[in-house]
Amino acid sequence: MIFSSDNTAATSPEILEALTRAASGQALPYGADDHSAAVRRRFADLFECEVDVLFVSTGTAANALSLATLTPPWGSVLCHRDSHINNDECGAPEFYTAGAKLVPLGGTDAKIDPAELRTAVRHKAGDVHSVEPSVVSITQATETGAVYTPDEIRELGRITKDAGLRLHMDGARFAGAVASLGATPADLTWRAGVDLLSFGATKNGTMTADAIVVFDRSLTSQLAFRNKRAGQLTAKMRFQAAQLDAYLTDGLWLRNAAHANTMAARLQDGLKAIPGVELLGAADANILFARLPQQVIDGLHADGFVFYHDRWGQGVVRLVTSFATTTEEIDALLEAAARHAA
C-alpha cells in the first residue's frame, strides 16, 4: 500500500467517462472546441468572476509559466524555503524566467512569515546590483499539509501589493484547502490579492490536466505565448478540457478532496494512540508528518507499506492520502504500526 504521494492514485471514473465521450467525433483544435469553452465558463462560475484559463499537463508547467509571466529575468521570487518550486522542480522556475532568483523565506507549517515578507519585499528594491523583488509565491495547501486561511492570504496579499509586487498561488492541492476550510475559491484567491493560480487537479482525480487560472487578465496575452513556446498548447485540448469539466461537475473535485482529508485525519487520530509516535504539525489537508521509532519504519517497509522517510530528519516520515485511499488501508497501516511499536 502506497502512502508516498497522492500522485499514485488512479483517475476518477467520472473523468474516464468524460474522456470516452470526448473521444467521439471531431472537434476544433488548440482550445477552440466546445469542451474548452464549457470548462472556462465553469471556472468563471467557480471563482465568481471573469477569468482566463490555460490548460497545462503538469503542475510544474503551471508554476514555471506563471512565475515567468510575473517575473523579469533580473527579478526575484519570494517563496517559502519548503515550497515545491524551491525544492522539487529541477530549476524549472529559474529556467522559464530566464534566470530569476528564488529567495526562500521562513515560517511555521511551510507558510511564509508575514514579518519576513515585509522585509523581503523591500530588500534592495531598485538596487541595480541585486535582483528586484517581483513576485510572491505561496502554496495552498502547503508542503506540510497546512492551509492558509483567507485572513492569512489577505495579509500576505496586502504586503505584496503595497510593495508593488504580484502574488502567485501554487494550488497543487487547492481542492484540499477549500474542502478543509469551507471557504469560497474566490475568498482564497483573487479577493485576497492572487493574480495567478496554478490550479492542480492531477493529484485529486484527473489524468493529465492541470490549469493556470488568470485573475488579472492583462497577463493573458503574454502567458498564452509562453504557454505555446513551452509546448503546453495541446492540439487535442478537448481531452484536457473534458477532464477538468468532469472534475468541476457536481462537486467531484471537493468530494475527492474531502475524502483524502478525512483519511488523513483518521490516520492522524490513530497514530496518536501508538507509543513512541510523535506527530509533527496538524494535517489540515491530506499530508501528515510524524516521527516514528526506527523499528516501526523498518517493520512497515517490510510489510509492503511505501512512504518517504528521513528526508526531513531522522525518523521523520511523510504519509499522504488521496481520494482513492480506503479506510481499510488506513486501518491496516495503523494496525501494523502498533504491532511493530509493541
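Ring pairs join Phe43, Phe47, Phe174, Phe199, Phe215, Tyr247 and Trp253 into a cluster. The model is a predicted one, in which local features need pLDDT of at least 70 and side-chain atom pairs count only at pLDDT 80 or more, while totals for chains, interfaces and linings use all residues. Residues are numbered from 1 along each chain as its sequence is written, and side-chain values use heavy atoms, with hydrogens and water left out.

Rings of Phe, Tyr and Trp (its six-membered ring) are paired if their centres lie within 6.5 Å, and planes under 30 degrees apart count as stacked, over 60 as edge-to-face and the rest as tilted. By this rule there are 13 aromatic pairs. One of them is edge-to-face, because the rings of phenylalanine 47 and phenylalanine 215 have centres 5.2 Å apart and planes at 70°. This pair links distant parts of the chain, 168 residues apart: phenylalanine 47 belongs to helix α2 (residues 34-47), and phenylalanine 215 to the loop between β7 (210-214) and α9. Helices (H or I, at least four residues) and strands (E, at least two) are DSSP runs, numbered from the N terminus. Phenylalanine 47 is buried at a relative accessible area of 0%, and phenylalanine 215 also counts as buried, at 13%; buried means under 20% relative accessible area, exposed over 50% and partly exposed in between (1.4 Å probe, protein chains only).

Phenylalanine 174 and phenylalanine 199 form a tilted pair, 6.1 Å centre to centre with 55° between the planes. Here helix α8 (residues 174-181) supplies phenylalanine 174 and strand β6 (residues 196-199) supplies phenylalanine 199, 25 residues apart. Both phenylalanine 174 and phenylalanine 199 are buried.

On a 1 Å grid over the protein atoms alone, a pocket is an open set of points where a 1.4 Å probe fits, with protein on both sides within 12 Å along at least five of seven lines; lining residues have an atom within 4 Å of a point. Grid points are joined across faces, edges and corners, and a volume is the space filled by probe spheres set on the points. The lining of the largest pocket comprises 31 residues, with His84, Asp88, Glu143, Arg173 and Arg318 nearest its centre. At least two lining residues come from each of α3 (59-70), α4 (84-87) and β11 (316-320), and α3 gives the most, with three.

The second largest pocket has a volume of about 170 Å³. Its lining includes Tyr30, Arg40, Phe55 and Met237, and β1 (52-56) and α9 (220-229) are the elements that give two or more residues to it.
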